[in-house]
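Hi,

Here is the structure I promised to pass on. Have a look at it first, and then read my notes below.

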Amino acid sequence: MSTEHRKHRRFDVALAGELTVGGEPVAVSTSNLSAGGVGVLYELELQDGSEVDVTLFLTQDGIEDPDVEPFETTGVVRWVAPRDDGLFLVGLQFKGLAESQQQQLEHFLVAVDEE
């Protein structure tokens, strides 16, 4: 039996988002989110190590707050797993978050943890 040791706690949260791959934006949804990365459901297999632009719409109870800007950053593909429904679960590690991005994400995750 193996035990995973992760730097950041994962939260099972389904959010709408967008990946921009090769200049083309594609809608995605999340399976989980942490301060260090995100798992997304994507229609195509991505290459490990490739970089994509990530936009996440941080919603509470499925409602988007018009006063809250989407979370935008670059993600690096760390793993890809095919699913039975034809989609791929893609593990993205956030790259070079600015302090303001870290605060935005941590604020959201604290709110998720309190639910």
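Leaving aside neighbours within four places in sequence, Ser34 is in contact with His8, Arg9, Arg10, Phe94, Leu105 and Leu109, where contact means heavy atoms within 4.5 Å. Ser34 sits in the loop between β2 and β3 and counts as buried because its relative accessibility is 7%; the cut-offs are under 20% relative accessible area for buried, over 50% for exposed and partly exposed in between, with a 1.4 Å probe and protein chains only. The Ser34 side chain also reaches the backbone nitrogen of Gly36 at 3.1 Å. For a polar contact the rule is a pair of N or O atoms within 3.5 Å; within protein, one must be able to donate a hydrogen and the other to accept it, and residues adjacent in sequence count only if both atoms are side-chain atoms.

Before going on, the ground rules. This is a predicted model, so local features need pLDDT of at least 70 and side-chain atom pairs count only at pLDDT 80 or more, while totals for chains, interfaces and linings use all residues. Residues are numbered from 1 along each chain as its sequence is written, and side-chain values use heavy atoms, with hydrogens and water left out.

Back to that loop. Gly36 lies in the loop between β2 and β3 as well, and is buried, with a relative accessible area of 18%. Not counting residues up to four places away in sequence, Gly36 touches His8, Leu92, Gln93 and Phe94. Gly36 and Phe94 are 58 residues apart in sequence, yet their C-alpha atoms are 5.6 Å apart in space. Then there is Leu33, with a list of its own: beyond four places in sequence, Leu33 touches Arg9, Arg10, Phe11, Val13, Leu15, Val38, Leu56, Phe94, Leu105, Phe108 and Leu109.

Now the fold. Helices (H or I, at least four residues) and strands (E, at least two) are DSSP runs, numbered from the N terminus. Six of the strands make a closed barrel, β1-β2-β3-β8-β7-β4, with antiparallel pairing; two strands pair if DSSP finds at least two bridges between them. Neighbouring strands of this sheet are turned by 45° against each other on average, direction ignored. Helix α1 (residues 99-114) packs on the sheet, where it touches β2 (24-33), β7 (71-82) and β8, and its direction makes about 65° with that of β7. Axes here are lines fitted to C-alpha atoms, for helices over the stretch in contact, and angles run from 0 to 180 degrees between N-to-C directions.

- β1 (residues 16-21) and β2 run antiparallel and are joined by six bridges; Glu18 has Ala27 as its bridge partner in β2, and Thr20 has Pro25. The two strands form a hairpin with two residues between them, and Gly22 in the turn has a positive phi of about 60°.
- β2 and β3 pair in the antiparallel sense over four bridges, with Thr30 opposite Val40 in β3. A hairpin of three residues joins these strands.
- β3 (residues 37-42) and β8 (residues 88-95) are antiparallel over six bridges, and Val38 has Leu92 as its partner in β8.
- β1 and β4 are antiparallel over four bridges; Glu18 stands opposite Thr55 in β4.

What about the inside? The largest nonpolar core has 26 residues, and Leu19, Leu33, Leu56, Val90, Leu92, Phe94 and Phe108 touch the most other members. β2, β3, β4 (51-56), β7, β8 and α1 each give two or more residues to this core. A nonpolar core is a set of buried Ala, Val, Leu, Ile, Met, Phe, Trp, Tyr and Cys residues joined through side-chain atoms within 4.5 Å.

On the exposed side, Gly96 is in the loop between β8 and α1 and has a relative accessible area of 70%. Gly96 and Thr74 are 22 residues apart in sequence and 7.8 Å apart in space, C-alpha to C-alpha.

Finally, some totals: 36% of the 115 residues count as buried. Of the contacts with a separation of 6 or more, 54% are between residues 24 or more positions apart.

Cheers
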